Amino acid sequence: MKNSILALTLSLVLAIGSASADLIKNPAAGTLEAALLDGLKLIKNGKFDDWVTKYCSKEKACATSNSILSYKRFNLPSMQRRAPACLRENETALDIKDVWDQGDGSKKIFVNCEATATAIPFYLIKEGETWRFSKI
């Protein structure tokens with residue numbers, strides 16, 4: 001009896017956890033999800049200059065030449081190793097677990113990348129009409 005209750009509880013927890021994730025396929029241009037997907041593809045392919053120009057927040061992350069250099073040397077190469085696991089269905093989709101409003105116009109997006117790991121948080125903020133990464 002005790003084992004069946006434990007098994008039932010575990011199956012409910014797993015069902016709830018998997019139900020909360022959304023596979024976002026081919027997100028519309030200009031959306032948070034499209035910026036995250038395209039930004040991860042640039043990082044995966046080592047196009048760090050393109051990522052900095054197009055998706056790095058000029059206010060929060062890439063405000064100075066030193067911060068840009070730091071991203072290119074440390075943050076982006078580290079994320080480059082993980083990015084392929086975050087991209088789904090031939091790099092057209094993301095498995096988004098949750099999105100939190102940070103209260104300052106920015107969002108914290110949790111992406112399921114590896115089946116045995118916790119979701120990775122990404123931080124994006126809207127600057128003008130464009131969603132940009134505020135930190136990695």
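Before anything else I wrote down my accessibility terms: buried means under 20% relative accessible area, exposed means over 50%, and partly exposed is in between, with a 1.4 Å probe and protein chains only. This is a predicted model, so I kept local features to pLDDT of at least 70 and side-chain atom pairs to pLDDT 80 or more, while totals for chains, interfaces and linings use all residues. Residues are numbered from 1 along each chain as its sequence is written, and side-chain values use heavy atoms, with hydrogens and water left out.

**Entry 1: positive phi**

I started with Glu89, which is partly exposed because its relative accessibility is 40%. Its loop runs between strand 2 (87-88) and strand 3 (93-101); my helices (H or I, at least four residues) and strands (E, at least two) are DSSP runs, numbered from the N terminus. The phi of Glu89 is near 45°, a positive value in a residue other than glycine.

I then looked up Asn26, another non-glycine residue with positive phi, near 45°. Asn26 sits in the loop between strand 1 (22-25) and helix 2 (32-44). Is Asn26 buried or exposed? It counts as exposed, at 56% relative accessibility.

**Entry 2: disulfides**

I searched the whole structure and got two disulfides, taking as a disulfide any pair of cysteine sulfur atoms within 2.5 Å. As a reminder to myself, such a link is a covalent bond between the sulfur atoms of two cysteines.

Cys56 is joined to Cys62, with S to S at 1.8 Å. Both of these cysteines, Cys56 and Cys62, are buried. The torsion about their S-S bond is about 85°, so I noted this disulfide as right-handed.

Cys86 is joined to Cys113, with S to S at 1.9 Å. What does this pair tie together? Cys86 lies in helix 4 (residues 65-86) and Cys113 in the loop between strand 4 (106-111) and strand 5, so the bond links parts that are 27 residues apart in sequence. The S-S torsion of Cys86 and Cys113 is about 100°, so this disulfide is right-handed. Cys86 is buried at 0% relative accessible area, and Cys113 is buried at 6%.

With the bonded cysteines of the chain numbered in sequence order, I read the pairing as 1-2, 3-4.

**Entry 3: Trp51**

Trp51 belongs to helix 3 (residues 48-55). Its relative accessibility is 0%, so Trp51 counts as buried. Which residues does Trp51 touch, leaving out those up to four places away in sequence? I listed Gly39, Leu42, Ile43, Cys56, Tyr71, Leu76, Phe133 and Ile136, where contact means heavy atoms within 4.5 Å. I also checked Asp38, 13 residues from Trp51 along the chain: their C-alpha atoms are separated by 8.9 Å.

**Entry 4: a hairpin**

Strand 5 (residues 120-127) and strand 6 (residues 130-135) run antiparallel and are joined by five bridges; two strands pair if DSSP finds at least two bridges between them. Ile125 has Arg132 of strand 6 as its bridge partner. The two strands form a hairpin with two residues between them, and Gly128 in the turn has a positive phi of about 70°.
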